[in-house]
Amino acid sequence: MIRNYFKIAFRNLWRHRVFSFINILGLSVGMSACLLIYLYVSFELSYDRYHAKGDRIFRVVTNIKTPTDTLDWNSASIPMSPAMKKDFPEVEQFVRIEPNSLLVSRGETKFQEDKLAFADSSLFSVFTLPLVKGDPDKALAAPWQVVLTETSAKKYFGTAEPVGQTLYLTGSRLPATVTGVMKDFPDNSHFKYDILVSMTTWTQKINPGLDDQWEGFNGFAYVLLHDAKDAPGLKAKLPAFIDRHIGKDLQKAQMTFTLDLEPMKDIYLRSKRGAPESGSLPNITIFSLIAVFILLIASINFINLATARSAERAKEVGIRKVVGADRKQLTGQFLGESVLLCMISFLMAVGLCALLLPLFNQLSGKTISHGIFDHASTIGILLLIAITIGLFAGIYPALVLSGFRPIAVLKGSFSSGKKGILLRKGLVVSQFVISIALITGTLVVYSQLTFMRNQDLGFSKQQQLVINFDGDSTIWQHYEAFKQQLTSLPNALSATASSAIPGQGNPTAYSQLENHLGVMQPTNMELFSIDYDFIKQYGIQIVAGRPFSTGFPSDSTRAILVNEEAVSTLGYHSPQEIIGKKFSQWGRQGTIIGVVKNFHFRGLQNAIKPMDFRIRPRDFSFVTVKISGRDVQKTIAAAGDLWRRTLPNRPFAYYFADEEFNKLYRSEDQFGQLFLNFAILAIFISCLGLLGLASYSTLQRTKEIGIRKVLGSSVGGIVNLLSKDFLKLVWIAFLIASPLAYIGMHKWLQDFAYRIDMDWWIFAMAGMIAMLIALFTVSFHAVRSALANPTKSLRTE
């Protein structure tokens, strides 16, 4: 019996090859898209889940409040976590991680290591980061000790034994001993480093005194609790902890610190404070919904085509019932055919998934998986999904077909009825609601990306060649002479130095500035240290006062520039009012000499904050050379030659300011590309279903079309006849999808401080695109039928 069922199933698939192909293709594409999204979402949700003690690890974060604002920082000062272990029995251990960038060398091998961090020796007992060589308890216990990842060990030592060897840190070539080699950080870790240096090197040798600086916030601190349930009680004790240690100092500074604990497993997706690597929970939700929608569309296609073709198998059902088949057997047969079709689609989907995975890794910007068969559980889940889709998609057709009355069917009086027609129309509307919503979302995403790329940033980032010298004293001590040499290079127009460039992080300085009431108001200021030519070279506009000038010697010690946002924060009505007002910042006092127009020193995801500029060469880390754009490679080569003559021990590291700034939108670009590709897949699957229904509808009306042509109907009239019903459904879908898309994309745009308005044309264009796609899809069969010979049409049946 089962063999007979399989034989009938394959015979039906082959007899209706076009419909079978449409169903299999739609399901396989839908399932492969769903599987890829499943791998992506699973990878994103797996961040930091590999730590054996992960449920007991918390990141210590700080809220800093002044009279003007509150800063939610993801960092803690150096003394905080050690003091927490000392004061609170709930804390089992602590780890501090201080990211840095240092020149690391061994002989002629030297690299500017941007993924370097100072860390406590407890790192290996708190986190699951196994050492392959060395003692985890001693590897980072003393000053001048280094642990390398396996990749870094090969980079510096090749096949030689690294443990016990010496590496030199910074341009001063400070010797450090390699005491361990660890496995590379997992891809799903929110922090990844290539080199770890003992924390005591940082706090006792490079920056002695840091262990007592409660007000400095740069690195990350993590605490391991004895029991995760202790976290709420520990949080309640933290205000008194801060008051006990630095309460008097904060009161004098008119500031308050509030500590909080973030669960390790929430940092990557749920923390709004950021991390070395962070994801987006809303984006994960969006992709999960897209996966469900694509599967839903593919299932709708199957149900639509199966119920539409039910009349063709009506006589088969009638004869089977007459010869004794009961409803249970018929239901089992048709469900089996549905599952068989889904299993074929499943096998194709797995093949497509394996084929497209490398491209998907590239689009997502990370290696979400090296292969879909890496884990046996994945295969089991995929198989379960396939069977579920088969049962879900086949249940309605199976019940409808098995419920036919044999007498009515064999008399030829069977019709699918209004309920079946309404169901199919409802499913088509559902498909295009999803498709139009995805088209609208795609247009909104790319409009926002275009807006961010084309928005006037308030500064010039074109043709700015940036050289990173990491604060090397050889440069800033002889900066003017080096600057003259740079400006003499071929096609070099000017040069300037700074502590940071727009698009990169810069320190936040606790400052006191005179407000509109004449009171020295505590304010957190984004701080740029620059030279005299920075404002001019980067094209930043002065709206009040004057820029820094060598004609005023006090500018280098007793003057700052502020931006318009700082003027507004301090209560002034116009930039001119703040000129000459007093400031105090990091041991420097003086007056405000100028106001710059607000510019976006970070991406448009972030609001512009109060900022100031000052002259301080010791803070310089970057030299920017403005070039003409002619023969760029020649200019770069000349700059490299000059660099190697000036700093032979430091590699020549350069990039262009516009390219670096555009990296701020990398995650949005990847989201947009993934969104677009999955939207196209959803629309493609919808069109496959519409193509199948249009084909079947045209086939059912073959004789009617022949009669109409004989009676004088034009090709256009017949195409309109066959198309208008489907286009009405698309119009209804547009009316439903537009408000839903508006609600969803309005919420997505809230993550951007500067965003587009969702104008009416976005929704109109989405509806027009859907209408044109549907018209083209339906017209393909409509035109063929309208052009067919009516005599052949009238001979059918």
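1. Helices (H or I, at least four residues) and strands (E, at least two) are taken here as DSSP runs, numbered from the N terminus. On that basis the protein chain holds 26 helices and 22 strands.

2. This is a predicted model, in which local features need pLDDT of at least 70 and side-chain atom pairs count only at pLDDT 80 or more, while totals for chains, interfaces and linings use all residues. Residues are numbered from 1 along each chain as its sequence is written, and side-chain values use heavy atoms, with hydrogens and water left out.

3. Of the 797 residues in the protein chain, 51% are buried, a term that means under 20% relative accessible area, with exposed set at over 50% and partly exposed in between (1.4 Å probe, protein chains only).

4. The largest nonpolar core, with 117 residues, is a set of buried Ala, Val, Leu, Ile, Met, Phe, Trp, Tyr and Cys residues joined through side-chain atoms within 4.5 Å. Its largest share, 16 residues, comes from helix H2 (residues 17–45). Because domain 1 (2–43 + 280–452 + 666–794) and domain 3 (464–664) both give residues to this core, it lies between them; the domain bounds come from an automatic or database domain assignment.

5. Ile290, Phe613 and Phe678 have the most contacts inside that core, contact meaning heavy atoms within 4.5 Å. Leaving aside residues up to four places away in sequence, Phe678 touches Ala33, Ile37, Phe287, Ile290, Ile294 and Phe360.

6. A second, separate core of 28 residues includes Leu71, Phe94, Ile242 and Met255.
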